[in-house]
Amino acid sequence: MSTIPVKKNDYIEEVYIEDLTHDGNGVAKIDGYPLFIPDVLPGETAKVKVVKTTKKFGFGRVMDRLEESPHRQEPPCPIYSECGGCQIQHMDYEGQLKSKGKHVKDVMERIGKIQDVPVHPVLGMDDPWRYRNKAQVPVGMRQGELVAGFFAKGSHEIVDMPYCIIQHKKNDEVVQLVKDSLKKYGIQPYDEEKHQGVVRHVMVRTGHKTGEVMVVLVTKSAKLPFKEQLVEDLVHQVEGLKSIAHNINSKRTNVIMGEETRILWGERYIYDYIGDVRFAISPRSFYQVNPEQTKVLYDKALEFAGLTGNETVIDAYCGIGTISLFLAERAKHVYGVEIVPEAIVDAKRNAELNGFTNVEFEVGPAEDVIPAWYDRGIKADVLVVDPPRKGCDEKLLDTIEKMKPEKVVYVSCNPATLARDLKVLQEGGYYTVEIQPVDMFPQTMHVEAVALLVRK
Ligand code: SAH
């Protein structure tokens, strides 16, 4: 006998939307059974049709919205309903920040079993549009036309994108110019299914403070026809252009860039500033996409670290050394560790560029390098972690418990793994003092958070 209270094609006269999932669907509970419903907001009620059921949850479609949220707004982007890039443009910004704050709090309670920690209101942007410094646009063919844009929700169908209102204007312009040139010379876009064609992605990065522009063309093989003409078109039309690179990715993969990068024109790097620290950014390096909010995030991390100038600091998952150098201004010594070798090359270069002599970087998995440092007698007073979505490796958490830094500052792009790891650290001798969410990705469901932990 089934305990699923609804079946496909049922109509439910009125459901109440309690929450949003991480991909922006509304959640309604029917006798405890969750139904995921697109295009609704928390607090709304609607008549829905059940379109699919599984054992644990189902999906519904809105037939009629009965009560609308005061946070509902007309999504300003013309391709919002098709594009998978943003999930909550139909909610005003105040509503978005509230929702993200609630999400962080809920996850702390549900996954972290942390009831009483202060989760501060989300730090948002004054203008939550056009914030991205990097566009990564897939190129393909749709009905015989070359298109460049975004993958449609839950698919690999490319939606052609005339512009993107969360993207730096410059990036939009450059993507259009590249698209025009590709069409003009008849350069074939890559076909994912057949693994044929030439251009896979166009990547454009613009320095927030410097206005310096980098263009990367990602192709399937080393052959890029009309290379000189493409370069010439860009050089003539793009103000601030500093670098044109060609990256080769011959694999069948979702990973955007391949191993090999050739510089077609200009420099290997562009430069940008966070605060007054200058960073060289190369084509394959990770660099935060929202520079304005990155400053907010790092300032918070710095505040939580509470440095006086005498501390030894470890920055785990350091990328190109952004947080490390931010902290190095106020610490005795900073050790950074990162798994991508090119990022460490950049980190060292960035330290030199800014005249820091109190930082050291090492390549490798944080969960191997930090235990080795510990064995060599290196002990941190403050340990900062900024792991990818999957969170910290258990081995690293074990080492933190052994090393016993006074403070742990945890920067996280995924509240669920943050909560999981905080639970482990709390059981291992730390308590969570406070959590500050920061909105790095307006119009999407993503939320970044910094947590401060202190030894009991
Ligand atoms: N702190 C940096 C980068 C954060 S992104 C910044 O703010 O810019 C997370 C970084 O962790 C990426 O650079 C990724 O390459 C790196 N990484 C992923 N797994 C890792 C591991 N096991 N050990 C060390 N670094 C890792």
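Domain 2 and domain 3 bury about 750 Å² between them, and 71% of that lies on carbon and sulfur atoms. Buried area here is the accessible area (1.4 Å probe) that two parts lose on being put together, summed over both. The size of an interface is often given in this way, as the accessible area lost when the parts come together.

The model is predicted: local features need pLDDT of at least 70, side-chain atom pairs count only at pLDDT 80 or more, and totals for chains, interfaces and linings use all residues. Residues are numbered from 1 along each chain as its sequence is written, and side-chain values use heavy atoms, with hydrogens and water left out.

**Domains**

The chain is divided into domain 1 (11-67), domain 2 (101-125 + 290-455) and domain 3 (134-274). These bounds come from an automatic or database domain assignment. The C-alpha centres of domain 2 and domain 3 lie 32 Å apart. Their contact (heavy atoms within 4.5 Å) takes 12 residues from domain 2 and five residues from domain 3. Pro291, Arg349 and Leu353 supply 44% of the area that domain 2 buries against domain 3, more than any other three residues.

**Ligand**

| Side chain | Ligand atom | Distance |
|---|---|---|
| Thr322 | oxygen | 3.0 Å |
| Glu367 | nitrogen | 3.1 Å |
| Asp386 | nitrogen | 2.8 Å |

Taken alone, the ligand exposes 570 Å², and the protein buries 89% of that.

Definitions and conventions
A polar contact is a pair of N or O atoms within 3.5 Å; within protein, one must be able to donate a hydrogen and the other to accept it, and residues adjacent in sequence count only if both atoms are side-chain atoms. Accessible areas come from the Shrake-Rupley method with a 1.4 Å probe; for residues, only the protein chains shown count as cover.
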